[in-house]
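Notebook open. I want to go through this structure piece by piece and write down what I look up.

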Amino acid sequence: MADTGAPADLDEAERARILAKTARFAPPPAVTADGRRELVGLSREELKAVLVEAGMEPFRAKQVWHWIYYQGATDFARMSTIAKPTQAKLAERFVIGRPEVAAVQTSTDETRKWLFRFRDGQEAETVYIPDKWEDRGAVCMSSQVGCTLACRFCHTGTQVLARNLGAAEIVGQFMAARDAYGEWPSPKGETPRLLSTVVMMGMGEPLYNYENVAKAIRIAMDGEGIGLSRRRITLSTSGVVPMMDRCGADLAVNLAVSLHAVRDDLRDELVPLNRKYPIREVLDACRRYPAASNARRITFEYIMLKGVNDSPAEAHELIRLIAGIPAKVNLIPFNPWPGSPFETSTPAAIDRFAEIVNDAGFSSPVRTPRGRDILAACGQLRTESQRQRAGTDAGEKG
Ligand code: SAH
Ligand code: SF4
């Protein structure tokens with residue numbers, strides 16, 4: 001027990017420190033320019049409180065929730081279970097918003113990528129990756145505008161952190177993507193969905209914006225609204241150990257861990273957060289993760305970088321490290337971006353690596369590159385948009 005047991009006071013202090021730091025990058029208040037309050041992103045209790053404060057009966061919260069998250073309404077006039085005068089009163093004070101589409105690109109393979117713009121002009125990316133064979137697909141969502149971490153292979157890592165996204169902006173990415181495919185009302189139970197899973201693998205480190213991410217996930221899981229089961233939600237982290245424990249205890253969603261290297265000296269380089277939370281601590285947190293089982297395995301993400309981390313010896317070391325963890329290993333061919341210091345491993349090296357991991361009993365799918373014809377490396381679309389905007393400004397100045 002001693003070496004893998006739940007950490008105590010030290011981690012509690014560390015969590016408090018992380019949450020305090022998160023607050024410094026808080027999103028602006030979710031209010032329109034004319035002073036109307038955004039209703040998306042409020043918890044059920046908060047929704048009830050703001051409606052009651054506006055002079056409405058508490059039961060309105062349940063109705064409004066249903067219209068927002070089950071029906072996908074953005075207009076109070078659509079809320080046919082609510083009398084017209086009340087609808088008008090709601091519209092005077094509140095708004096049900098969506099992030100604005102600053103850019104959208106659809107790949108020849110149907111992968112779609114949006115650059116969403118929020119009220120203060122900040123932008124973040126969302127990608128929809130449809131399953132080729134079935135009516136389902138994953139929505140890859142951002143948690144921050146930029147990132148404080150600077151993983152060397154990651155384009156988002158070249159951007160500084162502008163700010164955290166609010167709960168409305170996080171769940172709003174999913175709702176706006178659903179709008180694009182017309183998938184409202186929310187399909188019930190096991191009815192097939194086009195947008196069937198959520199992965200928090202876009203821009204940013206979700207565990208450095210934990211409270212907003214958790215709130216958005218709770219909204220998405222609510223059975224009277226979007227109703228996604230926790231099994232269909234995966235949170236990816238670069239290994240913020242104290243918050244992995246919190247995430248497991250509170251949300252119990254699927255966990256993906258960006259491992260990318262099997263030795264601390266190399267991981268220190270690729271994922272600098274490793275200097276704070278080294279491989280052993282990350283793996284111990286995985287062993288403690290309550291939602292992990294053979295039915296719900298932890299995903300280890302491993303980016304394949306030519307000549308850097310892709311040798312057979314490293315594959316063997318990987319299986320030694322993760323022995324005993326209910327896990328699968330996602331091998332991700334590196335997606336190059338302008339100026340990136342790496343190359344993608346050769347297909348032969350990837351196959352060899354996958355075979356070793358697979359032979360040890362860990363499923364080791366190779367993530368097929370999708371959307372290669374669009375700016376698919378995470379963060380690239382935002383950089384391009386900023387570049388264009390800067391260009392326009394310079395042009396105006398003369
Ligand atoms: N910050 C979190 C979640 C967002 S990054 C984390 O690091 O886990 C999610 C994943 O994007 C990372 O695991 C990494 O594998 C992948 N990624 C980042 N840059 C990439 C690139 N250039 N090519 C392929 N995958 C990349
Ligand atoms: Fe941030 Fe994840 Fe990119 Fe690392 S890989 S810089 S943690 S977004």
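This is a predicted model: local features need pLDDT of at least 70, side-chain atom pairs count only at pLDDT 80 or more; totals for chains, interfaces and linings use all residues.

I started with P185, which sits in the loop between α5 (167-181) and β9 (197-200). Next I looked up E110. Its phi is positive, about 80°, although E110 is not a glycine. I placed E110 in the loop between β3 (100-106) and β4 (112-117).

**Domains.** I then turned to the domain assignment of the protein chain. It gives domain 1 as 41-95 and domain 2 as 100-374. How far apart are the C-alpha centres of domain 1 and domain 2? I noted 33 Å. For the contact between them, I listed 8 residues of domain 1 against 18 residues of domain 2. I sorted the domain 1 side by class: 3 nonpolar, 5 polar and no charged residues.

**Helix pair α2 and α3.** For packed helices I record the angle between the axes and the distance between the axes. Helix α2 covers residues 44-53 and helix α3 covers residues 60-71. Their axes are 9 Å apart, and the packing angle is about 120°. Angles from 65 to 115 degrees would count as roughly perpendicular, so α2 and α3 are oblique to each other. The crossing of α2 and α3 is right-handed. On the α2 side I found R44, L47, K48 and L51 in the contact, and on the α3 side R60, A61, V64 and W65. By class, the contact of α2 with α3 has 5 nonpolar and 3 charged residues, with no polar ones.

**Helix pair α7 and α9.** I moved on to α7 (residues 241-250) and α9 (residues 279-288). The two axes come within 9 Å and cross at roughly 10°. That makes α7 and α9 roughly parallel. V241, M244 and D245 of α7 make the contact with E281, V282, A285 and R288 of α9. I counted classes here too: 4 nonpolar, no polar and 3 charged.

**Helix pair α1 and α7.** Helix α7 also packs with α1 (residues 9-23), their axes coming within 9 Å. How are α1 and α7 oriented to each other, parallel or perpendicular? The crossing is at roughly 95°, so I logged α1 and α7 as roughly perpendicular. From α1, I listed D11, E14, R15 and I18; they meet P242, M243, D245 and R246 in α7. This contact divides into 3 nonpolar, no polar and 5 charged residues. I see D245 here, and D245 is also in the contact of α7 with α9.

**Ligand 1.** I went to the ligands last. Ligand 1 is surrounded by 17 residues, of which the closest are C154, S236, S238, S258 and N335. Which strands each supply at least two residues of this shell? I noted β10 (233-237) and β12 (298-304). By class, the shell around ligand 1 has 9 nonpolar, 6 polar and 2 charged residues.

**Ligand 2.** Around ligand 2 I wrote down C147, L149, A150, C151, C154, T156, G157, G204, E205, S238 and S258. The classes are 5 nonpolar, 5 polar and 1 charged.

Note on methods: Residues are numbered from 1 along each chain as its sequence is written. Chains are lettered from A and ligands numbered from 1 in the order in which they are written. Domain bounds come from an automatic or database domain assignment. Two residues are in contact if their C-beta atoms, placed from the backbone, lie within 7 Å. Ala, Val, Leu, Ile, Met, Phe, Trp, Tyr, Cys and Pro count as nonpolar, Asp, Glu, Lys and Arg as charged, and the others, Gly among them, as polar. A residue is near a molecule or strand if its C-beta atom, placed from the backbone, lies within 6 Å of it. Helices (H or I, at least four residues) and strands (E, at least two) are DSSP runs, numbered from the N terminus. Axes are lines fitted to C-alpha atoms, for helices over the stretch in contact, and angles run from 0 to 180 degrees between N-to-C directions. Angles under 35 degrees count as roughly parallel, over 145 as roughly antiparallel, 65 to 115 as roughly perpendicular and the rest as oblique. A crossing is left-handed if the near helix is turned anticlockwise from the far one by less than a right angle, and right-handed if clockwise.
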